[in-house]
Amino acid sequence: MTAIPDFSAVQAMDEADVLRAYRDRFVLPDGLIYLNGNSLGVAPKAAFTHLETAVTQEWGQDLIRSWNIAGWFDLPVTLGDRIGRLIGAAPGQTVVCDTTSINIYKALHAALALRPDRSVIVAEGDSFPTDIYVAEGVLSTRPGLSLRLEGVDAPSIQDLIDDKVAVILVNQVNYKSGELRDMAALTRKAHQHGALVVWDLCHTAGAMPVDLDGANVDLAVGCTYKYLNGGPGAPAFIYAATRHLGAINQPLSGWWGHARPFAFEKHYAAGGGIRRFLCGTQPILSMRALKGALDVWDDVDLVALRKKSLGLTDLFIALVEEKCAGHGLELETPRDHALRGSQVSFRHPHAYEIMQAAIARGVIGDFRAPSTIRFGFTPLYIGYADVWKAADILSDILATGAWKDARFAVRAAVT
Ligand SMILES: *Cc1c(COP(=O)(O)O)cnc(C)c1O
């Protein structure tokens with residue numbers, strides 16, 4: 001292994017960091033090293049100012065007029081196009097709405113309707129559970145369909161794809177291990193068999209460049225409260241490729257997806273374009289916070305972002321493996337850059353207690369059952385010195401056995 005840098009070397013890396021200035025655009029609480037932006041991103045200062053305007057002026061004073069004059073009605077599509085730039089989607093294909101779970105439901109039904117003669121959904125056995133739960137919900141509404149799971153029905157998702165498959169639901173980065181999939185290759189393989197693909201971008205939107213159009217993706221979903229920093233419960237997004245937009249339909253046919261919502265017609269007629277993925281009135285205050293959060297992203301160089309993300313995760317892996325050697329941590333995240341998202345996970349039999357002890361020392365990551373500690377690295381506001389300090393604190397907790405304190409074994413509802 002190459003020698004690990006000392007603290008002055010990592011400070012120099014921060015000084016040379018081209019993304020360094022973005023840190024000032026976030027509210028970073030004193031004394032915290034926040035390595036959980038893969039679960040809830042820190043607050044962008046602009047989100048607060050946007051919220052303040054939205055509350056005091058738009059809601060407080062302009063009231064109903066704000067649907068038009070403040071652009072509330074168009075927020076799902078205007079914000080969708082801004083996210084589009086970050087995920088390689090040309091305008092008109094991305095809309096912000098609802099939650100990722102709900103958007104998966106819409107996307108799976110939409111894909112199944114485009115492949116009416118096929119009966120199989122493929123997903124990952126170790127997917128973020130909501131993806132599977134929603135697929136099971138879709139199955140319950142359509143007798144005759146079946147679900148094939150990677151790791152259950154075959155070791156690799158590639159082996160589950162044949163001419164019976166209507167749609168494959170797949171995560172670009174696995175939430176637990178941080179493993180990154182080859183989007184273009186899997187999409188190509190699906191298309192060779194006439195299947196469609198729904199990509200879940202929860203752990204890649206805002207974490208690295210994504211190229212939906214370039215990879216010829218059919219549908220995608222993702223959330224905005226992780227790497228995009230939209231705030232707790234911020235609305236999600238859904239993407240559908242232009243080539244599908246004429247024929248695609250989703251079952252939650254509410255008035256916001258209607259071609260003429262304010263004509264108040266008696267029957268549903270799907271709107272043109274991506275708006276047809278809307279159902280009902282959206283959480284405008286959350287959207288206004290997200291609008292502020294996206295201001296930070298408009299000029300971010302995503303290639304530099306990815307480069308720094310890999311620099312941060314490489315450094316963390318090297319430091320932990322050196323400083324925590326002999327304490328039973330087992331790296332779960334791939335070392336190969338081509339297979340790594342923007343997080344680092346380790347397995348340990350006492351993962352929960354170790355993470356609680358780290359949080360008590362101001363290093364915030366999280367625990368994922370049964371035995372994973374997970375650290376997210378968000379290049380816009382995390383620096384190399386943060387990584388160095390976090391690894392140092394983790395090694396101290398392991399070396400001293402501080403995690404054995406009984407209070408760290410008490411399980412909270414959210415882990
Ligand atoms: C975070 C996450 C979700 C969250 O779904 P919600 O409906 O917003 O609760 C879904 N899928 C994956 C892969 C996630 O990481």
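Predicted model: local features only at pLDDT ≥ 70, side-chain atom pairs only at ≥ 80, totals over all residues.
Biologist: What volume does the largest cavity have?

Modeller: The count uses a threshold of 30 Å³ or more, and it comes to 1 cavity. The volume of the largest cavity is about 40 Å³.

Biologist: Which residues surround the ligand, and which helices each supply at least two of the shell?

Modeller: The ligand is surrounded by T99, T100, S101, F128, T130, D131, N171, D200, C202, H203, Y225 and K226. Among them, T100 and S101 fall in the range 100-114, while T130 and D131 fall in 129-141. The helices that each supply at least two shell residues are α5 and α6.

Biologist: How do the residues of the shell around the ligand divide by class?

Modeller: The shell includes D131, D200 and K226. Asp and Lys count as charged. The shell divides into 3 nonpolar, 6 polar and 3 charged.

Biologist: Which side chains have a polar atom 3.1 Å from a nitrogen atom of the ligand, and what share of the ligand's area does the protein bury?

Modeller: A polar side-chain atom of D131 lies 3.1 Å from a ligand nitrogen. An N or O atom in the side chain of D200 is also 3.1 Å from a nitrogen atom of the ligand. Taken alone the ligand exposes 390 Å², and the protein buries 87% of that.

Biologist: Which peptide bond is cis?

Modeller: Look at the loop between β12 (366-368) and β13 (372-376), which holds P370. Omega is near 5° for the bond from A369 to P370.

Biologist: Which residue has a positive phi although it is not a glycine?

Modeller: Go to the loop between α2 (45-62) and α3 (66-69). There, with a phi of about 50°, sits L63.

Definitions and conventions
Residues numbered from 1 in each chain as written. Heavy atoms only, no water. Near = heavy atom within 4 Å. Polar contact = N/O pair within 3.5 Å; in protein donor to acceptor, adjacent residues only side chain to side chain. Areas by Shrake-Rupley, 256 points an atom, 1.4 Å probe, with all protein chains shown as cover. Helix = DSSP H or I, 4+ residues; strand = E, 2+ residues; numbered from the N terminus. 1 Å grid on protein atoms, 1.4 Å probe; cavity = no way out; pocket = protein on both sides within 12 Å on 5 of 7 lines; lining within 4 Å. Points joined across faces, edges and corners; volume = space filled by probe spheres on them.
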